[in-house]
Amino acid sequence: MEEERKRIVFNQENEEDRVYSLSLRPSSLDEFVGQKDVVANLKVALEAAKHRNEPVEHMLFSGPPGLGKTSLANIVAHQMSARITVTSGPAIERAGDLIGILTNLEQGDILFIDEIHRLSKTVEEFLYPAMEGFKVDFIVDKGQFAKTINFSLKPFTLIGATTRSGLLASPLRDRFGLFYHLEFYEPQELKEIVLRSAKKLNVLMADDAALEIARRARGTPRIANRLFRRMRDYAQVKTGKAEVEINLVRNAMGTLGIDEYGLDELDRRLLKILHQQYKGGPVGIETLAATLNEETDTLVDVVEPFLLKIGFLRRTSRGREITEEAVKHIKKA
Ligand code: ADP
């Protein structure tokens, strides 16, 4: 686990990302690059809610890590001039934790639950009446003394984020009014993000260098920003200046072991094992994870989506298969 957290092209947030998230996070929908349809639909929903003077409907953002779900939740809060409380599925361990959070919400507040698919069943059931009728019911005491206490909540907006909308129980899914699925970004969009970040951090970034970083960022803004910061470090050390140009990017990426598709050691190891040990597949994801000595969740959430997206991997009912494209690529590597 520790090893994988050090991956540069890992799309889950690390300590350094958190430090920079305040300065590099887009603060309005106009600053939010890409995801045109999501942004357009969201604008309408926010405008309409504002017009009615009501909290906006509960909404669910889905898509791989690092594509902007948390950023969007914060933007929604900002545009609605609402307070936001941020938590996550695994952080809410007991029903009491959730009730504490809910009863503290004010009219129009936003509750953001990241990784909402990881809420426990018992906690989740308390969320249903809270989402539907802004109330919580809970039972105190046992046996003949048991009584149900009924709490009214102030109307709020729940924003859920999930990397796996397929894992959401349908009663939970049905209680959301708005659904937005985020897709991987195009290199041109990531280039724009890199250029903006460079400007914010006072780094002189050449256009082609920004595109080169973007191409290797696995369609993911979080990775684009992280690669950008690494390039800034390289420039500082090699030239003593905050100036990034394309040759520096190419050399630095070589040193970091990140190829022109943004694949690193773990991706290549997965493809090689699939090709050599399993004759190209199909092979089950659990078996692959065991052979690689990685967690299945890491492969499913972090490694596989991008390999599927670039057509290096195919998912079939019998497991994962390697594609011709991928075989060509690993032979070249
Ligand atoms: P998620 O919640 O989906 O894991 P985040 O919202 O935390 O992703 O995004 C990770 C980082 O990527 C943000 O801090 C921000 O710097 C950057 N980012 C994400 N989406 C965009 C975007 N559309 N435009 C600009 N920067 C973005």
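Between which domains does the ligand lie, and why?

1. Domain 1 (35-181) and domain 2 (187-256) both contribute residues to the shell around the ligand, so the ligand lies between them. The model is predicted: local features need pLDDT of at least 70, side-chain atom pairs count only at pLDDT 80 or more, and totals for chains, interfaces and linings use all residues. Residues are numbered from 1 along each chain as its sequence is written, and side-chain values use heavy atoms, with hydrogens and water left out.

2. The shell around the ligand has 17 residues, of which Arg25, Val33, Gly66, Thr70 and Ser71 come nearest (a residue is near if one of its heavy atoms lies within 4 Å). By class, the shell holds nine nonpolar, five polar and three charged residues (Ala, Val, Leu, Ile, Met, Phe, Trp, Tyr, Cys and Pro count as nonpolar, Asp, Glu, Lys and Arg as charged, and the others, Gly among them, as polar).

3. Polar contacts are pairs of N or O atoms within 3.5 Å. A ligand oxygen lies 2.7 Å from a side-chain N or O atom of serine 71, and a ligand nitrogen lies 2.8 Å from a polar backbone atom of valine 33. At leucine 24, a polar backbone atom is 3.2 Å from an oxygen of the ligand. Of the 560 Å² of accessible area that the ligand has on its own, the protein covers 94% (Shrake-Rupley method, 1.4 Å probe).

4. Most residues other than glycine have a negative phi, and most peptide bonds are trans. Serine 81, in the loop between α4 and β2 (84-88), has a positive phi of about 50 degrees. The peptide bond from glycine 281 to proline 282 is cis, with omega near 5 degrees; proline 282 is in the loop between α12 (265-277) and α13 (285-292).

Terms used
Polar contact = N/O pair within 3.5 Å; in protein donor to acceptor, adjacent residues only side chain to side chain. Domains from an automatic or database assignment. Helix = DSSP H or I, 4+ residues; strand = E, 2+ residues; numbered from the N terminus.
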